[in-house]
Amino acid sequence: MKQQISEQNRISFELSGQRLDQVAVHLFPQFSRARLQEWIKTGQITLEGRAVKPNTKVAGGEVIRLEVEQKNEGEWQAEDLGLNIVYEDDDLLVIDKPADLVVHPAAGNEDGTLLNGLLHHLPQLQQIPRAGIVHRLDKDTTGLMVVAKTLEAQNHLVQQLQARTVSRQYVAVVIGAIPPHGQVDAPVGRDPFNRVKMAVVKSGGKEAITHFRRLARLGPFSLVRLKLETGRTHQIRVHMSHLGFPLVGDPLYGRRLSRMVDVSPEVVEMVTSFPRQALHAEQLSLIHPSTGETCSWKSPWPEDFAVLVEELGGPAYEAE
């Protein structure tokens, strides 16, 4: 079922002389500027009943009308993947993602993704870009993700991510005795020597800031809590490796445990057999798109992560 959006406003004389696309952003702030510009170009936003260009200057007093029939954003297939939905309302849902689940279809992963599962749970997400997904977790990273159920909620959440009002905290097991706390402020971009990887780069990278606090020493390893200030691809994995404390089980940014001193063969075997990067998105907080209230969720450690920590001599996980 296609969703119809119909709104209109009379342009204030205070906005006289501004471009129509700028006025549209002011009057319809629930939608992104790029989407509003697209709707102006396709005649779905009109000025005094006429289709005009985005750079048309307004005089003030005109009626601007938005009349949109949302269309499917892709030809993705719905699949019943039994998603673990920890919260849902009219605006958003929060997923606790398991390991071995790709978030979005791509070459080599055309189906069986979180997006396919979302469409089974809520078919109308076909009309939202990326089925409402506003941020991602790597395939083998577990934990919390928020998904928008409307264009308005998606735009609101994207703006929050840009404004850094979304709080995302992770737990990880890293190789080495990391300092008690610290911050990594180092730009991340495509690795110039390996296009599959990301890296800390001197030029052309995007700002990336990660805060960390050691929760426990696990012999030659550490249990760490990390907080993202930005959200770059592989950011935590790249920053921890750059700092010299790569994640246990990380196939791209890890290092050979056999080179470590004072590590028994039994520990080496246990850690090297861990099947993924030891990283879990444990906490998520954000401002609700409709109520303006701060909402928070916490995900328990997955069993494999909790067992790893305990077998390395760390604390047994206790749910709060």
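Tutor: What follows takes up aromatic pairs, an arginine and a cavity, in that order. This is a predicted model, in which local features need pLDDT of at least 70 and side-chain atom pairs count only at pLDDT 80 or more, while totals for chains, interfaces and linings use all residues. Residues are numbered from 1 along each chain as its sequence is written, and side-chain values use heavy atoms, with hydrogens and water left out.

Student: Why is the aromatic pair of Tyr87 and Trp297 called tilted?

Tutor: Rings of Phe, Tyr and Trp (its six-membered ring) pair if their centres lie within 6.5 Å, and planes under 30 degrees apart count as stacked, over 60 as edge-to-face and the rest as tilted. A search of the whole structure finds two such pairs. In the pair of Tyr87 and Trp297 the centres are 5.3 Å apart and the planes are at 50°, hence the label tilted.

Student: What makes this pair a tie between parts apart in sequence?

Tutor: Tyr87 belongs to strand S4 (residues 85–88) and Trp297 to strand S14 (residues 294–298), so the pair ties together parts that are 210 residues apart in sequence. Strands here are DSSP runs (E, at least two residues), numbered from the N terminus.

Student: Why is the pair of Trp301 and Phe305 called edge-to-face?

Tutor: The ring centres of Trp301 and Phe305 are 5.3 Å apart and their planes stand at 75°, so the pair is edge-to-face.

Student: How do you know whether Tyr87 is buried, exposed or partly exposed?

Tutor: Buried means under 20% relative accessible area, exposed over 50%, and partly exposed in between (1.4 Å probe, protein chains only). Tyr87, with 27%, is therefore partly exposed, whereas Trp297, with 13%, is buried.

Student: Why does Arg10 count as exposed?

Tutor: Arg10, which is found in strand S1 (residues 4–10), has a relative accessibility of 58%, so the label exposed applies. Leaving aside neighbours within four places in sequence, Arg10 is in contact (heavy atoms within 4.5 Å) with Gly61, Glu62 and Val63.

Student: What makes the count come to one cavity?

Tutor: On a 1 Å grid over the protein atoms alone, a cavity is a set of points where a 1.4 Å probe fits but cannot get out, and lining residues have an atom within 4 Å of a point. A volume is the space filled by probe spheres set on the points, which are joined across faces, edges and corners. By this rule there is one cavity of 30 Å³ or more, and the largest cavity has a volume of about 30 Å³. Its lining includes His135, Arg168 and Gln283.

Key. Helix = DSSP H or I, 4+ residues; strand = E, 2+ residues; numbered from the N terminus. 1 Å grid on protein atoms, 1.4 Å probe; cavity = no way out; pocket = protein on both sides within 12 Å on 5 of 7 lines; lining within 4 Å.
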